[in-house]
Amino acid sequence: MTKSADVLAGTGLDRSTRKSHWPARLDVLQSASGLLLSLFMWGHMAFVSTILISKDAMWWVTKMFEGQFVFGKSYPAIVSGFVVVVAILFVLHGALAMRKLPANFHEYRNFTSHRRTLRHEDTTLWWLQAVTGFVLLFFASAHLYQMLMHPGDIGPYESADRVWTGRWWPLYLVLLFAVEIHGGVGLYRLAIKWGWFEGDDPARTRALLKRAAFGVILFFLTLGLLTLAAEMKVGYEHRQRAGERYVPAQFQPLAPAGEQR
């Protein structure tokens, strides 16, 4: 009778004493980095959308992150520090996620056949997340590099000039859809994967979570489109003075008495 060690000889499995825990650890790390990035993007959208309130509101938020109200002077390098942390998380999350993508045409063909045969919504959502993740690899990298190299060019006029005069709005439009779909679907899949909010009826919970995910995606897409439209409008109106920095009225120097009206 053939021994199991003889059957496994040559594969290296006969020398294996226990299963590796590293795949599970990497899954936890991937989930944690994805969660942090999604929460960051929600916060980022909330701060950027202050342009919808007023130019002054966006200016105050910008200067808050630059430390002006703590140090009495703006330090854009603080923003660069935030960008570095986000970039590290972004690269880490992307590298971990790539482990699960089809590695060659044969694997891609098998997955496509599997998806078309099952017609399962969650499998389609996984593929949608993979596609948007691929888009983010290029578009988000460009945005992060811009913010890292020019951290002081953030503000009502500065951002609007970049969007309109600098013609970054097509990139931001694609980036908006990619990041909101990727993040919303990702959070839904995290909740399903780790059993969050599972309750007594997993099927009902899955349906509710899916509706919530689509609702969140729609909300942030709407907010993002309104914000991008507002920045394009400000940039268009400011195009003749592109490069001028915004300063709230209360911080502008007073005009000489003879010039006051």
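pLDDT is the predictor's confidence in each residue, on a scale from 0 to 100. This is a predicted model, so colour the chain by that value before anything else. The protein chain has a mean pLDDT of 87, and 90% of its residues reach 70 or more.

Select helix α1 (residues 4-8): among the elements of the chain it has the lowest mean pLDDT, 50. Where pLDDT is low, the predicted coordinates should not be read in detail. Then select helix α8 (residues 156-163), where the mean pLDDT is the highest, at 95.

Show the side chains of Val83, Phe90, Leu136, Ala140, Leu144, Tyr172 and Leu175. These belong to the largest nonpolar core, which has 16 residues, and they touch the most other members. Colour α5 (77-97), α7 (121-149) and α9 (169-193), the elements that each supply two or more residues to this core. The biggest contribution, five residues, comes from α9.

Centre on Leu144. Which residues does Leu144 contact, leaving aside its neighbours within four places in sequence? They are Val83, Val86, Ala87 and Phe90.

Now select Leu125, Val185, Ala191 and Leu223, which are among the 13 residues of a second, separate core.

Finish on the surface. Select Phe47, Trp60, Met64, Phe69, Val247 and Phe251. Together they form a nonpolar patch with about 550 Å² of accessible area. Zoom in on Trp60, which lies in helix α3 (residues 55-65). Why does Trp60 count as partly exposed? Its relative accessible area is 35%, and the partly exposed class lies between under 20% for buried and over 50% for exposed.

Methods: Residues numbered from 1 in each chain as written. Predicted model: local features only at pLDDT ≥ 70, side-chain atom pairs only at ≥ 80, totals over all residues. Heavy atoms only, no water. Core = buried A, V, L, I, M, F, W, Y, C linked by side-chain atoms within 4.5 Å. Buried < 20%, exposed > 50% of the residue type's maximum accessible area, 1.4 Å probe, protein only. Helix = DSSP H or I, 4+ residues; strand = E, 2+ residues; numbered from the N terminus. Contact = heavy atoms within 4.5 Å. Patch = residues over 30% accessible without salt bridge, like charges linked within 9 Å, V, L, I, M, F, W, Y side chains within 5 Å. Areas by Shrake-Rupley, 256 points an atom, 1.4 Å probe, with all protein chains shown as cover. Salt bridge = Lys/Arg side-chain N within 4 Å of Asp/Glu carboxyl O.
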